[in-house]
Amino acid sequence: MKGQLSYKRIYDKATPEDGARILVDRLWPRGIKKEEAKLTAWRKEITPSAELRKAYHHKDISYEQFAAAYRMEIEQNKAWPAFVHAVAERLQSGPVTLLTAAKDVAHSHIPVLMTELAET
């Protein structure tokens, strides 16, 4: 593998080191213009379902429950294999940065996504 997979907030400045920039949020981030985002792709179909996201944000479930449920959604998501393939292909030519608007990235869907990509 040539490139490195990383993540950051979409509100952080885009840099050449980002390589391919893939937004992995279901909703478009507030205050960001599409031109400013410098996106390679927006893959909202591999993000947590609206129901799961709302349950977590309303504190109806813990982070551990959210992460476990999101893993199950990934396993059943028909778009997952194509996403994995697209990321792997992009990594052949350089870095890939997954982007999110989440304030607390460590307790968002990003760690689950990174783990699942690493294990695939």
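The structure is a predicted model, in which local features need pLDDT of at least 70 and side-chain atom pairs count only at pLDDT 80 or more, whereas totals for chains, interfaces and linings use all residues. Residues are numbered from 1 along each chain as its sequence is written, and side-chain values use heavy atoms, with hydrogens and water left out.

On this basis, the protein chain exposes about 7300 Å², of which carbon and sulfur atoms supply 53%. Of its 120 residues, 41% are buried (buried means under 20% relative accessible area, exposed over 50%, and partly exposed in between, with a 1.4 Å probe and protein chains only). The chain contains five helices and four strands, where helices (H or I, at least four residues) and strands (E, at least two) are DSSP runs numbered from the N terminus. The order of these elements from the N terminus is β-β-α-β-α-α-α-β-α. The radius of gyration is 14 Å, close to the 14 Å given by the globule rule for 120 residues, so the chain is as compact as a globular protein of that length. This radius is taken over C-alpha atoms, and the rule is 2.2 Å times the number of residues to the power 0.38. Along the principal axes, the C-alpha atoms fill a box of roughly 40 × 35 × 20 Å.

Among contacts (heavy atoms within 4.5 Å) with a separation of 6 or more, 65% join residues 24 or more positions apart.

In helix α2 (residues 50-57), Leu52, Ala55 and Tyr56 are buried. Viewed down the axis of α2, the buried residues fall within an arc of 95°, so they line one face of the helix; the arc is that of the directions from the helix axis to the C-beta atoms. The buried residues of α2 pack against α3 (63-76). Just after α2, lysine 59 adopts a positive phi of about 60°. In helix α5 (residues 110-119), the buried residues are Ile110, Val112, Leu113, Met114, Glu116 and Leu117. Their cover includes β1, α3, α4 (80-91) and β4 (96-100).

Proline 16 lies in the loop between β1 (5-9) and β2 (20-23). This proline is exposed, with a relative accessible area of 77%. Proline 16 and proline 95 are 79 residues apart in sequence, and their C-alpha atoms are 9.4 Å apart in space.

Note on methods
Accessible areas come from the Shrake-Rupley method with a 1.4 Å probe; for residues, only the protein chains shown count as cover.
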